Amino acid sequence: MKWQRKANDALVGLTGFQLNRVGKTGSSADAGVPAVEEPFGPPADPKVDRLLVAPIFVLSPVRSGSTLLRAMLNAHSMLHAPHEPHVRRLRVEFGTSLAERAMRALGHNRADLEHLLWDRVLHRELVRSGKTFFVDKTPANAFAYQRVAACWPDARFVFLLRHPASIARSWYEAGAGRRTPEEAALDALRYMKAVQRARGALSGCTVRYEDLTAAPEAEARRVCDFLDVPWESEMLAYGEQAVLEKGLGDWKDKIRSGRVQPGRDLPGPEEIPDSLRSMCESWGYLPAVTEPT
């Protein structure tokens with residue numbers, strides 16, 4: 001309403017503060033339910049609008065081993081892979097209608113300004129690290145892969161897969177009784193589908209958690225080749241992690257060990273929930289079932 005906007009503008013002029021409507025928060029926001037967004041696109045002038053060069057995004061479902069891969073990459077002298085930054089959850093708000101008009105006159109909508117903010121935050125962390133490339137492994141990025149790819153047209157993508165039933169079981173165990181096994185499977189499946197959509201739309205390097213834990217050097221070398229960085233043996237003994245906190249990555253004993261540990265045995269066909277069978281087939285963990293002719 002106009003009177004509310006006028007009152008808020010007056011409040012800003014007198015006190016420097018404003019009143020904002022608080023939206024509903026909850027697990028759905030963190031789980032990747034998209035907010036209403038303005039149209040977005042690539043930077044108008046990448047050399048001016050972007051400080052971050054060729055960032056790396058690990059797109060993976062939850063509980064797929066992304067913290068292990070992050071730790072290995074972070075042990076590389078050229079790769080800065082901190083805890084999950086959740087940078088795409090940073091939002092820009094216009095304090096006044098005049099501010100919005102001014103930004104639009106400069107050619108910026110809210111999405112453009114958010115891209116500038118995301119880029120600046122990650123670039124700052126990269127500069128502080130003294131390394132060359134930034135690595136972001138936030139699982140929820142899979143739900144916004146179009147936005148990530150538009151923000152950084154030179155981004156590189158690593159897709160990390162794991163047996164869907166193993167993901168679901170780990171997600172159930174991590175939930176500490178908050179969800180049933182079937183609820184965990186369905187929730188994890190949303191992430192798997194998002195990663196699958198991203199794989200179909202973007203080029204990149206696909207890694208399987210089972211291969212990473214069984215043959216870590218071979219897989220790490222393959223990822224290094226894709227990223228065009230030299231292989232470094234320190235990636236296999238990544239050492240103590242600076243951040244081990246629930247919600248920012250894995251915090252379990254395997255990660256705390258500082259070395260790559262063997263993965264779990266793969267679940268048998270009888271252990272796979274019906275809701276995950278199609279994804280198991282798509283990812284090659286089950287033979288595809290063909291309908292009789």
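Biologist: Take E100. Is E100 buried, partly exposed or exposed?
Modeller: Remember that this is a predicted model. E100 has a relative accessible area of 26%, so E100 is partly exposed.

Biologist: Which residue forms a salt bridge with E100?
Modeller: Start with the general idea. Side chains of opposite charge can pair when their charged atoms come close. Here the partner is R104, and the closest N and O atoms are 3.4 Å apart. R104 is partly exposed too, because its relative accessibility is 40%.

Biologist: How far apart are R104 and E100 along helix 5?
Modeller: They are 4 residues apart in helix 5, which means a separation of about one helical turn.

Biologist: How many salt bridges does the structure hold?
Modeller: It holds 12. Look at helix 11 for another one. R221 and E217 both lie there, 4 residues apart, about one turn of the helix. Their closest N and O atoms are 3.0 Å apart. R221 has 36% relative accessibility, so R221 counts as partly exposed. E217, at 35%, counts as partly exposed as well.

Biologist: What about helix 13, where D274 and R277 lie?
Modeller: Their side chains meet in a salt bridge, 3.7 Å from N to O. The two residues are 3 apart in helix 13, about one turn. D274 is exposed, with a relative accessible area of 68%. R277 is partly exposed, at 29%.

Biologist: Which residues are linked in a network of salt bridges?
Modeller: R91, E114 and R147 are linked in that way.

Biologist: Now the interior. What share of the chain counts as buried?
Modeller: Of the 293 residues, 43% count as buried. The chain has 13 helices and 5 strands. The largest nonpolar core has 26 residues. L73 and L79 have the most contacts inside it.

Biologist: Which elements give two or more residues to this core?
Modeller: Among them are strand 1, strand 3, strand 4 and strand 5. Helix 4, helix 10 and helix 11 are on the list too. Helix 4 gives the largest share, 5 residues. A second, separate core has 24 residues, including A140, W171, L189 and Y285.

Biologist: What does L79 touch, beyond residues up to four places away in sequence?
Modeller: The list includes I56, L73, F133, V135, L227 and V229. N74 and K131 are on it as well.

Biologist: How do I read contacts across the sequence?
Modeller: Compare separation along the chain with distance in space. A220, in helix 11, is 147 residues from L73 in sequence. Their C-alpha atoms are 8.3 Å apart. A220 has 3% relative accessibility, so A220 counts as buried. Leaving aside neighbours within four places, A220 is in contact with M72, W231 and M235. For the whole chain, take contacts between residues at least 6 apart in sequence. Of these, 77% join residues at least 24 apart.

Biologist: Where is P85 found?
Modeller: P85 is in the loop between strand 2 and helix 5. P85 counts as partly exposed because its relative accessibility is 26%. P85 and V121 are 36 residues apart in sequence and 9.3 Å apart in space, C-alpha to C-alpha. Beyond four places in sequence, P85 is in contact with L122, F134, D136 and T138.

Biologist: Which residues make a nonpolar surface patch with V121?
Modeller: L90 and L117 do, and the patch is about 180 Å². L117 lies in helix 6.

Biologist: How do I read aromatic rings?
Modeller: A pair of aromatic rings is described by the distance of the centres and the angle of the planes. The count here is 3 aromatic pairs. F57 and W152 form a tilted one, 5.3 Å centre to centre with 35° between the planes. F57 lies in strand 1 and W152 in the loop between helix 7 and strand 4, so the pair ties together parts 95 residues apart in sequence.

Biologist: Are F57 and W152 buried or exposed?
Modeller: Both are buried. F57, W152 and F157 form one aromatic cluster.

Definitions and conventions:
Residues are numbered from 1 along each chain as its sequence is written. This is a predicted model: local features need pLDDT of at least 70, side-chain atom pairs count only at pLDDT 80 or more; totals for chains, interfaces and linings use all residues. Side-chain values use heavy atoms; hydrogens and water are left out. Patches are made of residues with over 30% relative accessible area and no salt bridge: like charges are joined within 9 Å, nonpolar side chains (Val, Leu, Ile, Met, Phe, Trp, Tyr) within 5 Å. Accessible areas come from the Shrake-Rupley method with a 1.4 Å probe; for residues, only the protein chains shown count as cover. A salt bridge is a side-chain nitrogen of Lys or Arg within 4 Å of a carboxyl oxygen of Asp or Glu. A nonpolar core is a set of buried Ala, Val, Leu, Ile, Met, Phe, Trp, Tyr and Cys residues joined through side-chain atoms within 4.5 Å. Buried means under 20% relative accessible area, exposed over 50%, partly exposed in between (1.4 Å probe, protein chains only). Contact means heavy atoms within 4.5 Å. Rings of Phe, Tyr and Trp (its six-membered ring) pair if their centres lie within 6.5 Å; planes under 30 degrees apart count as stacked, over 60 as edge-to-face and the rest as tilted.
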